[in-house]
Amino acid sequence: MKLSWKQGLGVWAATTSCLLLAVWLRYYLTDNGFIKEPNQTYDYIVVGAGTSGCVLAAKLAASNSKVLVIEAGGEPPWYSWIPIVAPILQGSEQYDWRFRTVPQKFAAGALHGNQAFWPQGKMVGGSGQMNFLIHATGSPSDYDSWKVPGWDSHTMKTALDGLTCWTKGIVKPFVARPSFLLDGESEMCRAPVLAENSTSCSENAQHFQCPSAAVKLQRVNATEKPLLKAFLDAGRACGHSVSEMDRWSDTGSFMASHNTIDGKAGQRWSTYSSHLMPAMKRYSNLHVLTKSSVTKLVWRRNKVIGIQYLDADGRIKHVKAGKEILLSAGTIKTTQILQQSGIGPPHVLEPLDIPIKADLPVGENLQDHLQVPLFVELNASVSLNIVKMLHPRQFWNYMVHGKGALATSGIEGIATLTKKREDGKPSEPYGMLILFNMGSINADVYTSVANIKKEAFHRWFPKSSSLSQEGFVLISICLHPRSRGHIRIISPDPMHPPEIDPAYLSNDYDVQCSIDTIKQGVELLNTDSFRALGARVHWPTFPECGSKQGIENQRYLECLVRTAALTMYHPAGTATMGHKDDPDAVVDPELRVRGVNGLRVVDASVLPRLPSGPPNSVLVAMAERAADFIINKH
Ligand SMILES: Cc1cc2nc3c(=O)[nH]c(=O)nc-3n(C[C@H](O)[C@H](O)[C@H](O)COP(=O)(O)OP(=O)(O)OC[C@H]3O[C@@H](n4cnc5c(N)ncnc54)[C@H](O)[C@@H]3O)c2cc1C
């Protein structure tokens with residue numbers, strides 16, 4: 001058949017257009033996974049692409065379900081992958097929700113208006129894309145204290161050990177991809193406890209004991225870090241145990257920090273990189289819609305059947321879920337979405353004329369870890385500071401080898417502290433010390449991200465103007481605070497920030513617990529290893545705390561805690577998980593919202609009580625487990 005030149009041109013144009021369309025569709029819907037317009041219906045809608053949401057979405061997509069992830073923020077900026085720059089994301093209009101608490105009655109004296117700033121990630125990767133990368137698994141007693149069936153210490157040990165690849169060379173052929181890989185370990189290695197106990201681990205890694213992806217860990221090496229070595233030696237000299245690996249312990253120990261960093265590339269390793277990104281490349285049934293804020297849930301009687309959201313242009317839109325909606329919007333926004341949708345206590349919803357769908361204590365039980373940072377001056381050249389970080393060699397080392405100061409988070413050492421009980425056994429961990437290797441603290445950055453008054457800052461970090469200062473920040477944390485606050489919506493407008501009141505230090509136990517932790521930390525400085533570095537703690541000279549500073553003065557220490565305690569960024573507990581008949585519980589042990597069909601919560605808000613350490617890795621394990629509950633049900 002002969003074609004005229006016009007017909008030939010038409011065929012060529014049509015073929016080229018089809019090819020271009022195919023390439024475009026493949027790029028947008030398959031390789032990339034980000035979409036502009038969602039379908040009308042999915043099997044599952046995951047609200048929030050943060051630490052928990054990325055894990056859930058990846059695992060559900062692997063089960064062949066149609067999954068929509070809807071995220072209020074956009075893609076994270078390139079610099080968020082560089083571990084040391086994490087603090088720079090705080091306060092960003094684009095990447096941080098920039099929440100703030102109400103004025104605190106018993107705390108936050110050094111902050112403008114006694115108000116704490118609460119950064120929370122607003123981007124794909126969520127708070128896990130801006131956090132300080134500390135990996136911790138908590139302690140056995142944490143999970144037993146929850147008293148929630150199915151989340152006891154044995155189960156969590158299995159889940160967390162399974163996620164943590166401590167043991168070299170243990171290869172089980174049926175184990176596809178462990179969730180946590182220690183830098184330099186084989187991709188196939190597994191902790192023996194999982195291999196022994198695991199009977200239901202399937203080849204396609206759908207069960208929680210076969211996590212869906214690998215999170216990489218980098219262990220800070222004490223032989224390369226003199227400051228860390230001094231910290232560990234000091235711990236030993238003060239009678240504490242020093243552990244190389246084992247974090248699963250109630251007995252307390254000093255250890256090198258394990259950070260969620262890809263040691264080869266020198267990059268942050270969030271659940272966006274470990275879970276969502278590979279899943280987006282692999283599964284065309286996984287769609288990710290960004291810059292779209294979920295405002296409320298859509299109901300049919302007592303079943304949640306969809307979501308309402310504002311798209312990138314501010315238009316109201318809806319999407320339906322055939323199976324379930326999974327809220328992973330983080331403690332604050334999950335609480336807000338639940339309350340806006342009529343799930344919450346009447347005293348919060350009725351004044352706003354929001355019809356009550358489920359009378360549950362959503363927003364209560366708010367808790368957070370508080371940190372008291374103290375500056376320790378050194379006269380030996382062992383710390384990081386701005387001058388050293390900005391040296392061209394550091395840039396070269398980072399760009400070419402993925403190593404050096406830029407590839408670290410600055411967090412080098414961790415210690416959990418216990419006390420001796422009357423029966424001679426150790427208590428559960430009560431305090432944590434963190435060695436943050438950073439000699440120069442930038443006054444402008446720190447005061448603006450943490451809302452600290454300039455004058456208070458200079459009394460706290462007096463040498464902050466020196467870019468070449470040697471020193472470190474010794475962070476003391478009370479691990480199980482007893483103060484409880486709330487999050488409540490105060491406007492029917494879903495874009496209006498809720499009232500956040502953590503009621504910091506309203507329980508006196510938290511003050512004494514912080515003081516005990518600080519004392520243990522300062523005691524370390526009197527050991528030979530720190531004396532050799534010329535270590536000297538700087539006690540802040542806040543006028544309201546009197547002129548007699550120091551460890552002997554209880555009144556000063558109390559005042560110090562009430563003035564200088566800052567958020568550790570771990571808000572949790574407002575949609576707490578509990579037994580199905582527990583009146584304080586918002587979700588049941590399978591994370592279903594009580595009395596509501598088609599809705600689960602999977603994020604930090606379900607934690608009944610904070611674990612003994614930063615919670616990110618615990619949340620990864622919980623999301624893996626939650627995905628199994630969901631897959632098993634449908
Ligand atoms: C500065 C900082 C430092 C930290 N350091 C550490 C650390 O070193 N180690 C550690 O273990 N933990 C750390 N944490 C805590 C840890 O990162 C968080 O506990 C964890 O990321 C919380 O996970 P999540 O899934 O609950 O919520 P997030 O990870 O916060 O995810 C929630 C996601 O939902 C999105 N979202 C919210 N509302 C909506 C909506 N309406 N519609 C659509 N999407 C929405 C958000 O934009 C976000 O992406 C830190 C946190 C911060 C902020």
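Modeller: Let us begin with handedness: the torsion about the S-S bond of Cys478 and Cys513 is about 110°, so this disulfide is right-handed. This is a predicted model, in which local features need pLDDT of at least 70 and side-chain atom pairs count only at pLDDT 80 or more, while totals for chains, interfaces and linings use all residues. Residues are numbered from 1 along each chain as its sequence is written, and side-chain values use heavy atoms, with hydrogens and water left out.

Colleague: Why is the pair Cys478 and Cys513 called a disulfide?

Modeller: A disulfide is a pair of cysteine sulfur atoms within 2.5 Å, and the sulfur atoms of Cys478 and Cys513 are 2.3 Å apart, so the pair qualifies.

Colleague: What makes Cys478 count as buried?

Modeller: Buried means under 20% relative accessible area, exposed over 50%, and partly exposed in between, with a 1.4 Å probe and protein chains only; Cys478 has 4% relative accessibility, and therefore counts as buried. Cys513, at 2% relative accessibility, also counts as buried.

Colleague: Why is the disulfide of Cys545 and Cys559 called left-handed?

Modeller: The torsion about its S-S bond is about -75°, so the disulfide of Cys545 and Cys559 is left-handed. The sulfur atoms of Cys545 and Cys559 lie 2.0 Å apart, and both residues are buried.
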